[in-house]
Amino acid sequence: MKNEASTDLWVYDLLKEANLGKVMSPQGSNIKEINEALKTASKSGTGNVGRPEYVGVVHDFVIVIENKSSISKHIDKSNDGLIVRETSSIRDYAVNGALYYAKHIAKNTNFKKIFAIGVSGNEKRHIISPIFVDERGGHKELPEIETFISFSHKNIQEYYIKEVLEEDTDKEKELAMILKDAQELHEDLRNYGAIQDKDKPLIVSGILLALREIEHGSFSIDSLTADTTVTDG
């Protein structure tokens with residue numbers, strides 16, 4: 001019991017680090033719909049109250065966490081790699097319990113997107129495994145994580161897009177466009193400008209400075225007349 005309590009406190013510290021300390025409720029939920037669903041979510045399958053370690057809602061995502069003090073109780077899988085859903089495994093293993101609660105919430109509430117997170121161990125040696133559960137109860141195992149930062153208000157949507165939908169995030173799309181433009185500029189400077197590699201940084205810097213001046217209204221492309229007397233810069 002002492003070890004379990006220590007794990008609970010360590011997990012709560014991780015939640016506070018991700019600014020989720022006030023969002024996640026211990027041993028239940030302050031969201032009425034979820035709290036009603038948990039009234040019949042006993043891991044023993046008796047239909048009594050179920051009490052996950054932590055439950056909370058970030059935007060339209062539910063996060064449910066189950067933890068165990070020993071990493072030997074992290075996850076129980078069958079020989080074919082499936083997460084075991086027998087009562088003893090749900091009760092004794094962190095990931096199995098978290099997944100059970102998530103599926104129960106998906107079935108008994110209107111929430112469509114749920115992250116089940118199994119945590120085992122302590123600050124020095126631990127495993128944190130997230131699983132996404134959809135409104136139909138289907139689930140997808142996700143890569144292990146070290147903190148809950150990905151589930152903060154700022155990051156959770158981007159995490160969902162990248163890890164669950166497996167699509168490029170807005171930041172990744174922007175970076176891809178920048179790299180594409182940079183490659184095209186590199187080719188143009190080489191093919192049409194006959195610019196040597198050592199001179200390219202100076203040319204690019206000048207372009208960036210000109211673009212910045214355009215934003216301030218002190219420069220216009222129309223000024224580029226190739227005048228050799230009053231240089232156009």
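Is Ser-29 buried or exposed? Ser-29 is buried, at a relative accessible area of 11% in this predicted model.

**Figure 1. Overview of the predicted chain.** The chain holds seven helices and six strands. Read from the N terminus, their order is α-β-α-β-β-α-α-β-β-β-α-α-α. The chain has 233 residues, and 37% of them count as buried. Among contacts with a separation of 6 or more, 54% join residues 24 or more positions apart.

**Figure 2. Close-up of Ser-29 in its loop.** Ser-29 sits in the loop that runs between strand 1 (25–26) and helix 2 (32–38). Its relative accessible area of 11% is under the 20% cut-off, so Ser-29 counts as buried. A polar atom of the Ser-29 side chain lies 3.0 Å from the backbone nitrogen of Ile-31. Beyond its neighbours within four places in sequence, Ser-29 contacts Ile-34, Asn-35, Leu-38 and Val-55.

Figure 3. Ala-37 belongs to helix 2. With a relative accessibility of 4%, Ala-37 is buried. Setting aside residues up to four places away in sequence, Ala-37 touches His-104, Asn-108 and Thr-109. Val-49 is 12 residues from Ala-37 along the chain, and 8.8 Å separates the two C-alpha atoms.

**Figure 4. Helix 4 and its surroundings.** Helix 4 covers residues 94–108. This helix has 15 residues. From first C-alpha to last it reaches 21 Å, close to the 21 Å expected at 1.5 Å a residue. How many of the 15 residues of helix 4 are buried? The count is 13, so helix 4 is largely enclosed by the rest of the structure.

Figure 5. Lys-103 is part of helix 4. Is this lysine, Lys-103, buried or exposed? Lys-103 counts as buried, because its relative accessibility of 13% is under 20%. The Lys-103 side chain makes a polar contact of 3.3 Å with the side chain of His-139. Ile-114 lies 11 residues from Lys-103 along the chain, with 8.4 Å between their C-alpha atoms.

Figure 6. One cavity of 30 Å³ or more turns up in a search of the whole structure. The largest cavity holds about 40 Å³ of space. Which residues line the largest cavity? The lining consists of Ile-83, Val-84, Arg-85, Ile-90, Asn-96, Leu-99, Tyr-100 and Lys-103. By class, five of these lining residues are nonpolar, one is polar and two are charged. Helix 4 gives the most to this lining, with four residues. Lys-103 is one of the lining residues, and its side chain is also the partner of His-139 in a polar contact.

Figure 7. Ser-129 lies in strand 5, which spans residues 126–134. At 12% relative accessibility, Ser-129 is buried. The side chains of Ser-129 and His-74 form a polar contact of 2.7 Å. Not counting residues up to four places away in sequence, Ser-129 touches His-74, Val-95, Ala-116, Ile-117, Gly-118 and Glu-144.

**Figure 8. Two loop residues with positive phi.** His-59 has a positive phi of about 55°, although it is not a glycine. Where is His-59 found? His-59 lies in the loop between strand 2 (54–58) and strand 3 (61–68). Glu-166 has a phi near 60°, again a positive value in a residue other than glycine. Glu-166 is located in the loop between helix 5 (156–164) and helix 6 (170–191). Its relative accessibility of 60% is over the 50% cut-off, so Glu-166 counts as exposed.

Technical notes. Residues numbered from 1 in each chain as written. Predicted model: local features only at pLDDT ≥ 70, side-chain atom pairs only at ≥ 80, totals over all residues. Heavy atoms only, no water. 1 Å grid on protein atoms, 1.4 Å probe; cavity = no way out; pocket = protein on both sides within 12 Å on 5 of 7 lines; lining within 4 Å. Points joined across faces, edges and corners; volume = space filled by probe spheres on them. Nonpolar A, V, L, I, M, F, W, Y, C, P; charged D, E, K, R; others polar. Buried < 20%, exposed > 50% of the residue type's maximum accessible area, 1.4 Å probe, protein only. Polar contact = N/O pair within 3.5 Å; in protein donor to acceptor, adjacent residues only side chain to side chain. Contact = heavy atoms within 4.5 Å. Expected span 1.5 Å × (residues − 1).
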